[in-house]
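Hello,

Here is the structure I promised to pass on. Please open it first, then read my notes below.

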Amino acid sequence: MNIIVAGGGTAGWIAALLLGKNHPNHTVTVIASSSIGVLGAGEGVTGELMNLIVGEYGDLGINPGEFLRETKAMPKYGIMHKDWTNVKGQQYFGPIDGTHTSSNLPDSVFARLAAFDPDKIHLGTFFGNLYDKGISPISKVTDEVEISTYGFHMDARLTANYLEKTALKSNNISLIDAVINDVTLNDKGLVSSLHLDNGQVVSGDFFIDASGFKRIVMNKLDNKWISYQKHLPVNTAIPFFIDYKEGETPNPYTLAQAQSSGWYWEAGIQTRKGCGYVFSDEFITVDQAHREIEQTLGHSVTPLTTFKFDAGRLENTWVKNCLAIGLASSFSEPLEATSIHSTIKQLVNFSFEFLKPTIDDTLNPACITAYNKRINKMYDDFKDFVVSHYLGGRNDSEFWKYISSGAIETDFAAELRDMCKTKMPTSLDFPNYPGAAGWVIWSYVLFGTGQLTSEVAQKHLTPQLINNANYHLSKMTNFANTAKLTHYTLEEYFSIIKQRNHNFNPERGVEWHLE
């Protein structure tokens, strides 16, 4: 089959690599114009992108060390949430992983820390300890990357360029540098060809829409947009860059600091910080938001652009012979970096389960229905997860009064909030599938926003559970003390990662010896 990818960027080139490398009998043609730039500010990703570059989803020809150096990447161990409650200056760190007892009933390590050491709750996790002690992924003993399950911040433009360069080394992946002007359907309603601004008409069997908010191909098909605006009211963003101060080391986390009408993000790469204010224009104008964020930061900023969005998803991400990915498929909001994460999950599902040798076998109606149900559930679960971040009771502006009125709550977020009044949730209370947020990530949000309290956590503890928690915490402490001796600090990492590539040897990594 000839697969046509409409649009480049990170999503389009991930699609080309995953499909082209894992299905060498298919040809993949990417149509992307070099005249259309890639917006990159605050480019945070989950560990899912690391899984992709180290070969969890097939040998894509990526050199992980080269990738991290060329994309100016820096480790991301979690998200620092600040000012999401009514307590000014209150913050909590949400690691990207959970405790070693997260699947237990209850999670003994989390309950023990929540009950008796709430300020140290992140120390129950692997990445919480790396953050707390400033430990980098590179071993001083072997000079190799021995920790490879982390998220990171990177330059989106450089990432797209690197993925493009890597993909085009494959004989079955090619690029046409052009703008798509029109889409033609055949008499069966299938996409048949794309008309380009250079006069070419490109035909294909299957089409991937990676054209972002434009949805160039999908808009020609029978589909509709399911808005999340009722639950996720922020709809405007002003991104900008901030230079590092002399001697400043990037933080190993994304900062998400609530503002009067939304929140400020900050994500540091090797060369600068990618930042922005995402807000609801129902409560503040762009000019007012610009002034507010300058007041918050204490200095002027120069926005790269201003863009509006409608949080939501397509009714179906796969229609006939077109699959929408990335921003063309769904966008909640940038709070938990779910965009690239969900793009990879979409493509992994499609590549390894649903893409067949022939177009007839691929377009099995039952398979299309099953795929859409699965992906729609993932997007709707992410909506619930993001909504829960806002339920910390802040009510000091018109925006936050609207939020605290209960207007944005989803049924699931409300059920969890009510459950937490008397019971600590467990892994069984959350959707469980590859890529889901689950209890391990929700737990920090629920506790950090005050929906789950120390008093409730104490109710679940018994002497046996406390002993079990102390055993695991002791192992974690020993690991952290050892890793601090054997691994470079984040400050040292910041210096050496820019100078050379590092081999990856995750099997030697300390995280695999904690079980």
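Start with Thr159, which is found in helix H6 (residues 156-167). Helices here are DSSP runs of H or I with at least four residues, strands are runs of E with at least two, and both are numbered from the N terminus. Thr159 is buried, with a relative accessible area of 0%. Buried means under 20% relative accessible area, exposed means over 50%, and partly exposed lies in between (1.4 Å probe, protein chains only). Leaving aside neighbours within four places in sequence, Thr159 is in contact with Thr10, Phe67, Thr71 and Met154. Contact means heavy atoms within 4.5 Å.

A word on the source. This is a predicted model, where local features need pLDDT of at least 70, side-chain atom pairs count only at pLDDT 80 or more, and totals for chains, interfaces and linings use all residues. Residues are numbered from 1 along each chain as its sequence is written, and side-chain values use heavy atoms, with hydrogens and water left out.

Next, the strands. Two strands pair if DSSP finds at least two bridges between them. Strand E1 (residues 2-6) and E2 run parallel, joined by 5 bridges. Ile3 stands opposite Val28 in E2. In strand E2 (residues 27-31), 4 of the 5 residues are buried, so the strand is largely enclosed by the rest of the structure.

There is also an open sheet of 7 strands, with mixed pairing and the order E6-E5-E16-E17-E18-E15-E19. Which strands stand at its edges? They are E6 (91-95) and E19 (307-308). Each has a single partner strand, so one side of each is left without a neighbour in the sheet. Helix H7 (residues 286-297) packs on this sheet and touches strands E15 (236-242), E16 (253-259), E17 (262-268) and E18 (273-279). The direction of H7 makes about 40° with that of E15. Axes are lines fitted to C-alpha atoms, for helices over the stretch in contact, and angles run from 0 to 180 degrees between N-to-C directions. Strand E5 (residues 78-82) runs antiparallel to E6, with 5 bridges between them. His81 stands opposite Tyr92 in E6.

Now the helix pair. H4 (residues 108-116) and H15 (residues 463-486) pack at about 95°, with their axes 8 Å apart. The two are therefore roughly perpendicular (65 to 115 degrees; under 35 is roughly parallel, over 145 roughly antiparallel, the rest oblique). Among the residues making the contact are Arg112 and Phe116 of H4 and Asn468 and His472 of H15.

Last, the rings. The structure holds 39 aromatic pairs. Rings of Phe, Tyr and Trp (its six-membered ring) pair if their centres lie within 6.5 Å; planes under 30 degrees apart count as stacked, over 60 as edge-to-face, the rest as tilted. Tyr77 and Tyr150 have ring centres 6.5 Å apart and planes at 90°, so this pair is edge-to-face. These two tyrosines are 73 residues apart in the chain. Both are buried. Phe385 and Trp442 form a tilted pair, 5.3 Å centre to centre, with 45° between the planes. Phe385 sits in helix H10 (residues 365-389) and Trp442 in helix H13 (residues 438-448).

Best wishes
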